[in-house]
Amino acid sequence: MTGFVRFLGEKAERYIELRHSLGYAFSKQAGTLRAFVRYVERAQLDAPATRTMALDFALSFGGANSRATRHGVLRRFYEYLAVYDVRTEALERRAFPRSRAIPPPRILSEAELASLIHACHRISPGTPLRGRTMATLIGLLASSGLRSGEVVRLDRPDVDLANGVLLVRKTKFRKDRLVPVHTTTQAAEDGEFRWPKVHDGMMRLTAAQLSALLEGLDWRRVHEARRTRVPAQAG
């Protein structure tokens, strides 16, 4: 590792810590900066940080919008880096114009959606719960209009099927919102599968119930075998 790569890596980590301390999640941007450091190391580039270096990295993969995003992350990092190395070149704000073209959405018909959900049940025959989970996820996406990341982040306390409401936390602009659940979704989820209740953030199940749950079976019908005392033979 060269001295420049070491310097660049240290400043990148400090910059990431600074953004975190200001309240930013900065997870994707942090990944971009660390990928840039690895790129500089693989290419065996030397100081200072230049426009060409940033442009070549931005062009190394991805589409037009992702290139513009990566270049924007580097542009702000270069401004920070220039405090420690005055030779750092300033990056142009509009080096990569964003594409405003939005691809047309692919809207599934009811038959296609039903076929997709049915196919989910064939996923991982050895672990039926995985197929049930995927079918539930796709059905919820189709009926609620939630983003995929919002559905994946739902936790058990966020789902209130009794009142037909979902609590979606930390959505766009870090706001929480309530989303109504369609009555057909309530009926399907209520009849399809029943999750154990959560108390103090924990599910309490016996070993046999947990095994049934992982197999996608009705865990409520499973009970631990009770020991029975056999009376001693008289005489």
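Predicted model: local features only at pLDDT ≥ 70, side-chain atom pairs only at ≥ 80, totals over all residues.
Contact here means heavy atoms within 4.5 Å. Of the contacts with a separation of 6 or more, 47% are between residues 24 or more positions apart.

**Entry 1: the chain as a whole**

I noted that the chain has 235 residues, of which 29% are buried. For secondary structure I recorded 9 helices and 5 strands. Reading along the sequence, I wrote down the order α-α-α-α-α-α-α-β-β-β-α-β-β-α.

**Entry 2: helices α1 and α2**

I took up helix pairs next. Two packed helices are described by the angle between their axes and the distance between the axes. For helix α1, residues 3-21, and α2, I found axes that come within 10 Å and cross at roughly 180°. Angles over 145 degrees count as roughly antiparallel, and therefore α1 and α2 are roughly antiparallel to each other. From α1, the contact draws on F4, V5, L8, G9, A12, E13, Y15 and I16. From α2, I listed A30, L33, R34, F36, V37, V40 and E41. Sorted by class, the contact of α1 with α2 holds 11 nonpolar, 1 polar and 3 charged residues.

**Entry 3: helices α2 and α3**

I then turned to helix α2, residues 27-43, and helix α3, residues 51-58. Their axes come within 11 Å, and the crossing angle is roughly 110°. Because 65 to 115 degrees counts as roughly perpendicular, α2 is roughly perpendicular to α3. On the α2 side I recorded T32, A35, F36, Y39 and V40 in the contact, and on the α3 side M53, A54, D56 and F57. The classes for the contact of α2 with α3 are 7 nonpolar, 1 polar and 1 charged residues.

**Entry 4: residue E150**

Is E150 buried or exposed? I first placed E150 in helix α7, which covers residues 148-152. Its relative accessible area is 3%. Since buried means under 20%, E150 is buried. I next looked up the partners of this residue. The side chains of E150 and R147 are joined by a polar contact of 2.6 Å. With neighbours within four places in sequence left aside, E150 is in contact with V168, T171 and R177.

Definitions and conventions
Residues numbered from 1 in each chain as written. Heavy atoms only, no water. Axes fitted to C-alpha atoms, helices over the stretch in contact; angles between N-to-C directions. Helix = DSSP H or I, 4+ residues; strand = E, 2+ residues; numbered from the N terminus. Parallel < 35°, antiparallel > 145°, perpendicular 65-115°, else oblique. Nonpolar A, V, L, I, M, F, W, Y, C, P; charged D, E, K, R; others polar. Buried < 20%, exposed > 50% of the residue type's maximum accessible area, 1.4 Å probe, protein only. Polar contact = N/O pair within 3.5 Å; in protein donor to acceptor, adjacent residues only side chain to side chain.
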